[in-house]
Amino acid sequence: LIRMDGITVGCVGNQEDTITTAGAYKAEEFVDFWDAFNIPVLTLVNVTGFAATVEEEKTISKALAKLTNAYADATVPKVTVVMDKAYGTAYTVMNSKAIGADITICWPDAEIGSMDATLAAKIMYDGQSADVVKEKAAEYAALQTSATGAAKRGYVDQIIEAADTRKYVIGAFEMLFTKREDGPVRKHGTV
């Protein structure tokens, strides 16, 4: 929990570039708890994928489903800040616009897209020279993973300088202060 301009806010962030099963379960419990007590949620994103070990592959899908469900079901104000990288499904799970973030902010050098530009170029131009792959990776990055490209496609609402993050997050939560959301008529989720 953090305090922003006198308002208590729950903050979820990932420390590493990957999401683990334990991390997803922990984040899911926090989001559910904060939603139960009407505490707004701030998500700080820097994620490139999921932990890739044999043990993680056995358990991570259920943990990710629970985290996605927690964010999607939460009726409190939800703000996301993309600080560095946000790739593919891992970004979706971390409170993207696709699962209900009210406001998504990113820094100018953030990379938001389906995958890293260099990896995408290696796949698309397999067998080509390193110079061709490098050139195509730069083109892909400009079109598909740049903060500007993400804003044009509606993945983010605003691009801000890193130094102004606190000010914009406070403004976002003030704007969402009176948010009310009626969910579907049901007893509870089943995830």
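Residues are numbered from 1 along each chain as its sequence is written, and side-chain values use heavy atoms, without hydrogens or water. In this predicted model, local features need pLDDT of at least 70 and side-chain atom pairs need pLDDT 80 or more, while totals for chains, interfaces and linings use all residues.

**View 1. The largest pocket holds about 360 Å³ of space.** Its lining has 16 residues, and Gly13, Asn14, Gln15, Gly23 and Lys26 are the closest to its centre. β2 (7-13), β3 (18-19) and α1 (21-36) each give two or more residues to this lining. α1 gives the most, with five residues. By type, the lining has eight nonpolar, six polar and two charged residues. A pocket is an open set of points on a 1 Å grid over the protein atoms alone, where a 1.4 Å probe fits, with protein on both sides within 12 Å along at least five of seven lines; lining residues have an atom within 4 Å of a point. Grid points are joined across faces, edges and corners, and the volume is the space filled by probe spheres set on the points. Helices (H or I, at least four residues) and strands (E, at least two) are DSSP runs, numbered from the N terminus. Nonpolar means Ala, Val, Leu, Ile, Met, Phe, Trp, Tyr, Cys and Pro; charged means Asp, Glu, Lys and Arg; the others, Gly among them, are polar.

**View 2. The second largest pocket has a volume of about 180 Å³.** Its lining includes Ile7, Thr8, Asn38, Ile39, Pro40 and Pro77. Phe173, Leu176, Phe177, Lys179 and Arg180 line this pocket too. Seven of the lining residues are nonpolar, two are polar and two are charged.

**View 3. Phe30 and Trp34 form a stacked pair.** The whole structure has two aromatic pairs. Here the ring centres lie 5.3 Å apart and the planes meet at 10°, so the pair is stacked. Rings of Phe, Tyr and Trp (its six-membered ring) pair if their centres lie within 6.5 Å; planes under 30 degrees apart are stacked, over 60 edge-to-face, and the rest tilted. Both residues sit in helix α1, four residues apart, about one turn of the helix. Phe30 is partly exposed, at 37% relative accessibility. Trp34 is buried, at 3%. Buried means under 20% relative accessible area, exposed over 50%, and partly exposed in between (1.4 Å probe, protein chains only).

**View 4. Phe33 and Phe37 form a tilted pair.** Their ring centres are 4.9 Å apart, with planes at 45°. Phe33 is partly exposed, with a relative accessible area of 45%. Phe37 reaches 56% and counts as exposed.
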